[in-house]
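Me: I have a model open on my screen and would like a close look at one part of it. Could you start from a single residue and then work outward to the rest of the chain?

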Amino acid sequence: MNTADRSVEALDTALRRRFSFIEMLPQENNIGIIDFNGINLKTVLQNINIRLETLLSRDHLIGHSFFLNIDSVTKLHNAFFNKIIPQLQEYFFGDYGKIGLVLGKCFITAVADVAVFADFEYEDKDLLSEKKVYRIVSFTDEDHLIDEDKFIAAVKAIAG
């Protein structure tokens, strides 16, 4: 790097001048992605990426590394809740409705007990009161134990 390469844009330009770039798309057929607990994880990855490409672009696909060496419910749950869902939250800026379009109704639920706004006149108050609020289903209880049956069913639903 040169001392003149200070900003992110300059850094990007400097790297592009010095290196060749090869596009690396997710490898759904990677041998490290195995069927687990009756779930075809390759199909899960493919379906998530088809939905992401439709909603955003090909540049927003998730990588196959999220599904490598998954051989327990805990590892699969960690992949979803520590990698995939945070990535989707970043992609959609917290628009849980769109995250629901990617993961399905088993992962995202509408909240019925939405708070009533304070007594204040605001022109869009009625419109905001009708807005749906969604939350991510964690599949865990207060002791952080995973409800394996419900979680596995939710992942199977992604696979179709």
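Reply: Happy to! Let's begin with N49, which sits in helix α2 (helices are DSSP runs of H or I with at least four residues, strands are runs of E with at least two, and both are numbered from the N terminus). Before going further, a word on the source: this is a predicted model, in which local features need pLDDT of at least 70, side-chain atom pairs count only at pLDDT 80 or more, and totals for chains, interfaces and linings use all residues. Residues are numbered from 1 along each chain as its sequence is written, and side-chain values use heavy atoms, with hydrogens and water left out.

N49 has a relative accessible area of 3%, which makes it buried (buried means under 20%, exposed over 50%, and partly exposed in between, with a 1.4 Å probe and protein chains only). Leaving aside residues up to four places away in sequence, N49 touches P26, E28, L61 and I62, where contact means heavy atoms within 4.5 Å.

Helix α2 covers residues 41-55, and the buried residues of α4 pack against it, as they do against α3 (73-91), β1 (108-110) and α6 (148-159). Helix α4 itself spans residues 96-103, with I99, G100, V102 and L103 buried. Those buried residues fall within an arc of 160° when seen down the axis of α4, so they line one face of the helix; the arc is that of the directions from the helix axis to the C-beta atoms.

With a relative accessible area of 24%, Q87 is partly exposed. From Q87 to I136 is 49 residues in sequence, and 13 Å in space from C-alpha to C-alpha.

Now for the wider view. The protein chain has six helices and two strands, and these run α-α-α-α-β-α-β-α along the sequence. Of its 160 residues, 28% count as buried. Among contacts with a separation of 6 or more, 60% are between residues 24 or more positions apart. The radius of gyration is 20 Å, whereas a compact globule of 160 residues would have one near 15 Å; the radius is taken over C-alpha atoms, and the globule rule is 2.2 Å times the number of residues to the power 0.38. Along the principal axes, the C-alpha atoms fill a box of roughly 60 × 50 × 30 Å.
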